[in-house]
Amino acid sequence: MQWETVIGLEIHAQLSTQSKIFSGSATTFGAEPNTQASLVDLGMPGTLPVLNAEAVRMACKFGLAIDAEIAEKNVFARKNYFYPDLPKGYQTSQMDHPIVGKGHLDITLEDGSTRRIGITRAHLEEDAGKSLHEDFHGMSGIDLNRAGTPLLEIVSEPDIRSAKEAVAYVKAIHALVRYLGICDGNMAEGSLRCDCNVSVRPKGQAEFGTRAEIKNVNSFRFIEKAINHEVQRQIELIEDGGKVVQETRLYDPNKDETRSMRSKEEANDYRYFPCPDLLPVVIEQSFLDEVRASLPELPGQKRERFEREFGLSTYDASVLSASLEMADYFEQVNATCGDAKLAANWVMGELSSLLNKEGLDIEQSPVTAEQLGGMILRIKDDTISGKIAKMVFEAMAAGEGSADEIIEKKGLKQVTDSGAIEAMLDEVLAANAEQVEQYRASDEAKRGKMFGFFVGQAMKASKGKANPGQVNQLLKKKLEG
């Protein structure tokens, strides 16, 4: 039987406000436990929450960016459950009247095709605290610094059909919230977390299968691995005569498996009711107009501009606009060298390879955009060849200076003097007289292979400094003359 995967994602983005959603407590990551929790965060009697206007603004920015309906009136509700890191015994969230309604996001897949993923809603809520299980001699500690931190929960439609599509969608959300400046997207610190709702059904069946929810997956790689494992688990379970039960599961990256956590609760289990301490939030059109005017160029708009303005392919433009930092770096390189295609090739090629190898983000690149642009200028004016450029790039990455300094210091300037190249070619051909005779006696197909041998010998003789274009042109002339 052929199976179809159905995936819906709930992404929790921590909003980059200076204070919490209902109190003035700081939201700085890494503070000493329980030093950033106020009486409001703890739900002490007599305290009242006050809504953070900046959190509302950020939610509206996101809603406008995904072309969503923004609720003129939205309401906060209490979601009741008991857990050690939830001091109030409830979480203040939004249920029936979220701030952001239906919208959509277009994603680009590995083959360059695009898909539109529907977004059901995005609502504001407060985060819970954190349970700590280490260094407490068999007991758990509770850190309430995170309690009350503002979250935007982004809920997709069940439109995603594979783990790779899921990763593409999360990456698109990640890029969007960073472009908007509403979330730093640091998954290692928990600023962006994902719950994956996964089910399978026979291909062609309209009805959805029973879903399992994988909680709090915090890396792109783990999202893909967790979904793939869960899909395989469900298929094997059904084919062996079992039934998938609706439940919450956790992904264990060490064992590469999901395991049951608890049966999945329904909304009515939480006894939602409107929060009596918070008035409904009314959003006026003038406020929305102001927020809309503040929106930056978004990832999709930047991608389209890169294609239109620089003549880049959809794939290249998508890669370069995937993060604001990468896009800015590329544009700075291009501004320096004036060649968008060469700039794109070097940023996506040698630079990205170096960053991956060293485990660095582009903001930490040892080669600045100005340095890389300056080196590309030396390729364009034939000072160095593409091959020598790789040596120069490595030297720049090692901190040996600018391209011009390295070329001068190491004597890497390309030989473009036709007379000098001709003299060197004469020596190469004289040293390989037998191969020259074979070349001249061969047919076109064989000559093509042999020509590469002579080019290699010539570049070796010049220590890579001869201009490859001139070498090819003059060598062909001499061999066929």
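Strands β1 and β9 (residues 150-156) run antiparallel to each other and are joined by five bridges. Strands here are DSSP runs of E with at least two residues, numbered from the N terminus, and two of them pair if DSSP finds at least two bridges between them. Within this pairing, His 12 sits opposite Glu 153 of β9.

A quick word on the model: it is predicted, so local features need pLDDT of at least 70 and side-chain atom pairs count only at pLDDT 80 or more, while totals for chains, interfaces and linings use all residues. Residues are numbered from 1 along each chain as its sequence is written, and side-chain values use heavy atoms, leaving out hydrogens and water.

Back to β1. This strand also pairs with β10 (residues 192-202), again in the antiparallel sense, over 11 bridges. Here Glu 10 has Asp 195 of β10 as its bridge partner. How much of β1 (residues 3-14) is buried? The count is 11 of its 12 residues, so the rest of the structure largely encloses the strand. Buried means under 20% relative accessible area, with exposed over 50% and partly exposed in between (1.4 Å probe, protein chains only).

Now for the cysteines. A disulfide is a pair of cysteine sulfur atoms within 2.5 Å, and by that rule there are zero of them. Here is how two cysteines look:

| Cysteine | Relative accessibility | Closest cysteine sulfur |
|---|---|---|
| Cys 183 | 3%, buried | Cys 194, 13 Å |
| Cys 194 | 1%, buried | Cys 196, 3.9 Å |

Conventions:
Helix = DSSP H or I, 4+ residues; strand = E, 2+ residues; numbered from the N terminus.
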